Amino acid sequence: MSAALDQRIAASLGAEVRPEVAAYARMLGDEAGASAVLFYGSNLRTGSLEGVLDFYVLLPGAQAERIWPKVSYREWEYGGETLRAKIATMSLAQFAQAASGQSRDTTIWTRFVQPSALIWSADDDVRQSVHEAIAAAAKSAARFAAALGPSEGEAEAEAYWRALFQATYRAEFRVEKPGREDSILSVNRDHFDGLLPLAWETQGIAFSQEGDRLAPQLDEASRRAILREWREREKLGKALNILRLAKATTTFEGAARYGAWKLHRHTGIELEVTPFREKHPLLAMPGAAWELWRARRRAAKAQR
């Protein structure tokens, strides 16, 4: 890893968080016997405690479940306040492997090329392992962005990141409002500023630069090889994430309400949480999907 990327990752992971968030992470880490706890999402950026805090709890040893991460929702009283959290749990080893981009999963490196903070770790060796995994996520994302982004001429870095996020949304079963990638890039402008050329440089991907405009110098064989890797991930993306959603309905207390809250937050569409949907979120998925499709169709017609 280059010294510049190393320093950049260290600064990002060392971001300060509110004492309430640090206490929550420490409680989760101690309780699970975890190696590390990462904090990410909009609350990291804003410092707000409202809504749902997003944590990744990384465990020692081998990955236990074949479908990962295990996702749960929890409310915790601290300092007279109710803190709500979505908690994803998986092994540190599996997290690092997914971040490297060598598996067919796209969710880990896509999520963790964005800002995250390492707010609890068992020891310095673990901290270094997480640091290396986050750097690997940035390199994986940048490598795919080089092939998925503009293929002719130079373009601003945002064009490569935008193409990458759009491709991952298509590949995964994601409910995102159109333009979500622009929102990610605009609110995290400082985080992404200069990251792409640095990640390319670290991997030996040559590029030309004219001011703010970049162009990776991939030969045709290299570009085709990366795109071939991408298509393999694209084929499995939706199926894999549907499996994860199905599994989450058995472990995610309050899954239906959380899903409806997130849907409204990202799309503005309100989905009623009926008693049946709350009790049987998996069985209710087809009906909810149909209702969502109709709501989107009505919204599209209203915009014409």
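Modeller: Buried means under 20% relative accessible area, exposed means over 50%, and partly exposed is in between, with a 1.4 Å probe and protein chains only as cover. At 35% relative accessibility, Arg84 is therefore partly exposed. This is a predicted model, in which local features need pLDDT of at least 70 and side-chain atom pairs count only at pLDDT 80 or more, while totals for chains, interfaces and linings use all residues. Residues are numbered from 1 along each chain as its sequence is written, and side-chain values use heavy atoms, with hydrogens and water left out.

Biologist: Which residue's side chain meets that of Arg84 in a salt bridge?

Modeller: As a general idea, side chains of opposite charge can pair when their charged atoms come close. The term salt bridge is used for a side-chain nitrogen of Lys or Arg within 4 Å of a carboxyl oxygen of Asp or Glu. Arg84 meets Glu75 in this way, at 3.4 Å from N to O. Glu75 is partly exposed, because its relative accessibility is 44%.

Biologist: How many salt bridges does a search of the whole structure find?

Modeller: Eight. One of the pairs is Lys86 with Asp54, at 3.7 Å from N to O. Lys86 belongs to strand β4 (residues 81-91) and Asp54 to strand β2 (residues 53-59), so the pair links distant parts of the chain, 32 residues apart. Helices (H or I, at least four residues) and strands (E, at least two) are DSSP runs, numbered from the N terminus.

Biologist: Are Lys86 and Asp54 buried or exposed?

Modeller: Lys86 is buried, with a relative accessible area of 13%. Asp54 is also buried, at 11%.

Biologist: Which residues are linked in a network of salt bridges?

Modeller: Glu158, Arg162, Asp182 and Arg189. Within this group, Asp182 and Arg162 form a salt bridge whose closest N and O atoms are 2.6 Å apart. Asp182 lies in helix α8 (residues 180-187) and Arg162 in helix α7, so their pairing ties together parts 20 residues apart in sequence. Asp182 is partly exposed at 34%, and Arg162 is partly exposed at 25%.

Biologist: Where is Thr168 placed, and is it buried or exposed?

Modeller: Thr168 sits in helix α7 (residues 157-171). Its relative accessibility is 0%, so Thr168 counts as buried. The C-alpha atoms of Thr168 and Thr106 are separated by 7.1 Å, although these residues are 62 apart along the chain.

Biologist: Now the sheet. What is the order of the strands in the open sheet of three?

Modeller: Two strands pair if DSSP finds at least two bridges between them. The order here is β6-β8-β7, with antiparallel pairing. β6 (155-156) and β7 are at the edges with a single partner strand each, so one side of each has no neighbour in the sheet.

Biologist: How many bridges join β7 to β8, and how many join β6 to β8?

Modeller: Four bridges join β7 to β8, and two join β6 to β8. Leu214 in β8 is the bridge partner of Gln209, and Ala155 stands opposite Leu214 as well. Arg213 in β8 is the bridge partner of Glu210.

Biologist: What should I check in the backbone?

Modeller: Most residues other than glycine have a negative phi, and most peptide bonds are trans. In the hairpin of β7 and β8, with two residues between the strands, Gly211 takes a positive phi near 65°. The peptide bond from Trp68 to Pro69 is cis, with omega near -5°. Pro69 is in the loop between β2 and β3 (70-78).

Biologist: Which residues gather in a patch of negative charge on the surface?

Modeller: Patches are made of residues with over 30% relative accessible area and no salt bridge, where like charges are joined within 9 Å and nonpolar side chains (Val, Leu, Ile, Met, Phe, Trp, Tyr) within 5 Å. Asp and Glu count as negative, Lys and Arg as positive, and His and the chain ends are not counted. The place of a charge is taken as NZ of Lys, CZ of Arg, CG of Asp or CD of Glu. Accessible areas come from the Shrake-Rupley method with a 1.4 Å probe. The negative patch holds Glu156, Asp190, Asp193 and Asp212. Asp212 is in the loop between β7 (207-210) and β8 (213-216), and is exposed, with a relative accessible area of 62%.
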